[in-house]
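Please consult the sequence and the structure as you read.

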Amino acid sequence: MARAKKVITIHVRDDREKEEFMRELQRLRLPAFIYVHGKLNDLKINVQGTKEDIREAIRRIREIHNRVRAKLYPDKRGLYRYTIDDLFREAGASVSTPILVKTLELLGETVEVREGELVTSMPWEELVSLTGTLGGYLSDISLQTTRQIREVVLPAAVAYDLDPGEVIDILVNLGAAEWKEDKFKYELVKNKEQALEMLINHLKGEENED
């Protein structure tokens with residue numbers, strides 16, 4: 001197979017974008033050989049391999065750059081776009097998408113999910129930290145809870161800065177959850193929406209008493 005070579009230039013706005021892009025580029029596993037050099041905000045990417053390899057590599061490089069930009073810079077509505085897998089990898093933790101979405105909503109952020117992407121008003125570093133916190137809370141309570149109750153407990157724990165165990169106790173006291181002896185787990189006795197509403201009303205009431 002004849003080997004060919006092509007050079008493309010990627011323009012980055014600042015060091016943060018350059019570092020993020022280079023990090024993503026290093027994770028790429030491609031048959032083509034890639035060499036990057038550049039000064040200031042222009043990165044020249046030298047791609048070598050068969051024509052097919054080069055075409056595929058350039059497509060993936062541009063895709064990475066678009067992802068990095070969507071992650072670092074908000075669109076006209078002030079929203080960022082993140083690949084959920086990227087987020088979990090960076091945070092070193094993973095939680096269910098409904099937990100993530102509900103937490104962001106409770107924190108007053110705009111959020112929607114589109115084809116494996118999270119579109120939200122929360123900046124990347126904050127979201128990575130939030131996901132890490134949720135992951136830590138999840139590992140604390142995962143053995144003694146059902147999936148449904150976790151979708152109520154974790155978002156509320158983060159939004160109201162409470163220990164997840166405390167939130168479970170509140171739900172039990174409110175009659176929205178109970179301990180099932182046979183399953184060794186806490187589970188909801190109300191549906192998720194009702195339980196969350198009871199919990200939030202209770203927590204807001206406590207805030208008003210302060």
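Q: Why is Lys 71 called buried?
A: Its relative accessible area is 3%, and buried means under 20%, exposed over 50% and partly exposed in between, with a 1.4 Å probe and protein chains only. Lys 71 therefore counts as buried. The model is a predicted one, in which local features need pLDDT of at least 70 and side-chain atom pairs count only at pLDDT 80 or more, while totals for chains, interfaces and linings use all residues. Residues are numbered from 1 along each chain as its sequence is written, and side-chain values use heavy atoms, without hydrogens and water.

Q: Where does Lys 71 lie, and with which residues is Lys 71 in contact?
A: Lys 71 belongs to helix α2; helices (H or I, at least four residues) and strands (E, at least two) are DSSP runs numbered from the N terminus. Contact requires heavy atoms within 4.5 Å. With neighbours within four places in sequence left aside, Lys 71 contacts Glu 20, Glu 24, Tyr 80, Arg 81, Tyr 82 and Trp 124.

Q: What makes β1, β2 and β3 a sheet, and in which order do they stand?
A: Two strands pair if DSSP finds at least two bridges between them. Seven bridges join β2 to β3 (residues 42-49), and these two strands run antiparallel. Lys 39 stands opposite Asp 42 of β3. The three strands form an open antiparallel sheet in the order β1-β3-β2.

Q: Why are β4 and β5 said to stand at the edges?
A: The open antiparallel sheet has the order β4-β6-β5. β4 and β5 (111-114) each have a single partner strand, so one side of each is left without a neighbour in the sheet. Four bridges join β4 to β6 (residues 117-120), and in β6 the bridge partner of Thr 83 is Glu 117.

Q: How many residues has the largest nonpolar core, and which of them have the most contacts inside it?
A: A nonpolar core is a set of buried Ala, Val, Leu, Ile, Met, Phe, Trp, Tyr and Cys residues joined through side-chain atoms within 4.5 Å. The largest has 43 residues, and those with the most contacts inside it are Leu 118, Leu 127, Leu 134, Val 167, Leu 171 and Leu 199. Among the elements that each supply at least two residues are α5 (124-141), α6 (147-159) and α7 (164-173). The greatest share comes from α5, with eight residues.

Q: Why are α5 and α6 called oblique to each other?
A: Their packing angle is about 130 degrees, and their axes are 10 Å apart. Angles under 35 degrees count as roughly parallel, over 145 as roughly antiparallel, 65 to 115 as roughly perpendicular and the rest as oblique. The two helices are therefore oblique. Residues of α5 including Leu 134 and Tyr 137 meet residues of α6 including Val 153 and Leu 154.

Q: What makes α6 and α7 oblique?
A: Their axes cross at roughly 120 degrees and come within 9 Å, and the pair is therefore placed in the oblique class. The residues in contact include Ile 149 and Val 152 of α6, and Val 167 and Leu 171 of α7.

Q: Why do Glu 115 and Phe 184 count as exposed?
A: Glu 115 has 82% relative accessibility and therefore counts as exposed; Phe 184, at 56%, does so as well. Glu 115 lies in the loop between β5 and β6, and Phe 184 in the loop between β7 (177-180) and β8 (185-188).

Q: What is the phi of Glu 115, and what is that of Phe 184?
A: Phi is near 45 degrees in Glu 115, a positive value in a residue other than glycine. In Phe 184 phi is near 55 degrees, again positive in a residue other than glycine. Most residues other than glycine have a negative phi.

Notes. Axes are lines fitted to C-alpha atoms, for helices over the stretch in contact, and angles run from 0 to 180 degrees between N-to-C directions.
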